[in-house]
Amino acid sequence: MKILSIQSAVAYGHVGNSAAVFPLQRIGVDVIPVYTVNFSNHTGYGSWRGPLIDPSDVRDVITGVGERGVFGQVDAVLSGYQGGEGIGDVIIDAVAQVKAANPSALYACDPVMGNAKSGCFVAPAIPELLRDRVVPVADIITPNQFELGFLTRTEPDTLESTLASVELARDMGPRTVLVTSVERPDREEGTIEMLAVDDEGAWIVQTPFLPMKANGSGDVTAALFTAHYASTRSAQTALERTASSVFDLLKLTLDSGERELQLVEAQESYAHPKMQFSARKVR
C-alpha cells in the first residue's frame, strides 16, 4: 500500500508527518511524505523555528512526485493540519491527480481546527475552508467531536446527536467518518470513546481515559485508521486496530513521564495491536 501524506513536519517530537509516517511504515505502508511546514518543534511549546513552506513549493514537490509516474499506485491521500489558506487548493489538486490515475484511491482529511477545551487554534479562514471546500472532496474524515460540530453547525454531545451530526457530515461528501474524543454524558466514568461510521453501519469503542495531553496523537490516529480502512474497507476492524494501537502508545507515553509521544518505543503496538477493545455496533 502507498499513502501520499501531505502534512507538517517537525525536527524534534512527533506531530503531522513526523507522527504519521513511522507508524504507517511499521504496518507495511510505503509513505510518500510531503511537508507543509518544517519546524524545529510543535507549536505547543510556545516558540519554534523554521519555515512555513510556500504552497507553490508544496505543489512543486507533489508535481515532481507525479512526474515519477507513481500516482496510479497511490491507495490513499492523507492530509492534516493546514498552516495557511493556500495549502487547501494544493491538496485538492493533488487528490484530483491521484484519483485520475487511480479512481479507487481514497482521500482522508483530518480537519484539524481545535478542541472543546481550547477552541479553534488555526488561522481564522481555515475552518470555513475545510468545511466548504476540502471536506466535500474527502472520502474519509477524522474530526474530534468539537470539529464535527463546527463542520455540521451542530453541538453533538449524546450518542444520538453525534450520530445525527455524522450523517450531516456524510451528506457533505465523505462516506466514512471517524469521530475521536467522543465524550457523551452517559458514558462510564473514566472512559473516552471513538465512533466510526460508514455505509455498513456505526461502531463505537470505549477505552480508559488517560489524564494527559499528547500532541500528535490525533495525527497517529488518523493515519492508522486511514491505512486500516483502506486495506480492509471495514470501519469496525479499522476502529478496533486503531484504538488498540493508540491506547498503548499513549499509555507508554504517560508511564514514561515524557512530554513527547514515545512513538518509536511503542512500535510493536502498531505492528501487532493487542485488539484489547471491542467495538460495539450502534446502528
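1. The side chains of Arg-283 and Glu-167 meet in a salt bridge with an N to O distance of 2.7 Å, where a salt bridge is a side-chain nitrogen of Lys or Arg within 4 Å of a carboxyl oxygen of Asp or Glu. Arg-283 lies in the segment after β11 (280-281) and Glu-167 in helix α6 (residues 159-172), so the pair ties together parts that are 116 residues apart in sequence; helices (H or I, at least four residues) and strands (E, at least two) are DSSP runs, numbered from the N terminus. Arg-283 is partly exposed at 41% relative accessibility, and Glu-167 is partly exposed as well, with a relative accessible area of 24%; buried here means under 20%, exposed over 50%, and partly exposed in between (1.4 Å probe, protein chains only).

2. This is a predicted model, in which local features need pLDDT of at least 70 and side-chain atom pairs count only at pLDDT 80 or more, whereas totals for chains, interfaces and linings use all residues. Residues are numbered from 1 along each chain as its sequence is written, and side-chain values use heavy atoms, with hydrogens and water left out.

3. The bridge of the opening point belongs to a network of salt bridges that links Glu-167, Arg-170, Arg-175, Asp-199 and Arg-283. A search of the whole structure finds 15 salt bridges. Another of them joins the side chains of Arg-131 and Asp-132 at 3.6 Å, N to O; Arg-131 is buried, with a relative accessible area of 9%, while Asp-132 is partly exposed at 46%.

4. Asp-248 forms a salt bridge with Lys-274, and the closest N and O atoms are 3.7 Å apart. Because Asp-248 lies in helix α8 and Lys-274 in the loop between α9 (267-271) and β11, this pair ties together parts that are 26 residues apart in sequence. Asp-248 counts as buried at 15% relative accessibility, whereas Lys-274 counts as exposed at 61%.

5. Helix α8 (residues 235-256) also holds Thr-253, a buried residue with a relative accessible area of 1%. The C-alpha atoms of Thr-253 and Glu-265 are separated by 8.9 Å, the two residues being twelve apart along the chain.

6. The count of aromatic pairs comes to five, under a rule by which rings of Phe, Tyr and Trp (its six-membered ring) pair if their centres lie within 6.5 Å, with planes under 30 degrees apart counted as stacked, over 60 as edge-to-face and the rest as tilted. Tyr-12 and Tyr-45 form a tilted pair, 6.5 Å centre to centre with 50° between the planes. This pair links distant parts of the chain, 33 residues apart, with Tyr-12 in the loop between β1 (2-10) and α1 (17-26) and Tyr-45 in the loop between β2 and α2. Tyr-12 is partly exposed at 48% relative accessibility, and Tyr-45 is partly exposed at 30%.

7. The rings of Phe-225 and Tyr-229 have centres 6.0 Å apart and planes at 20°, so this pair is stacked. Both residues lie in helix α7 (residues 217-232), four residues apart, which is about one turn of the helix. Phe-225 is buried, with a relative accessible area of 0%, and Tyr-229 is buried at 9%.

8. Asp-54 lies in the loop between β2 (30-39) and α2 (55-67) and is partly exposed, with a relative accessible area of 41%.
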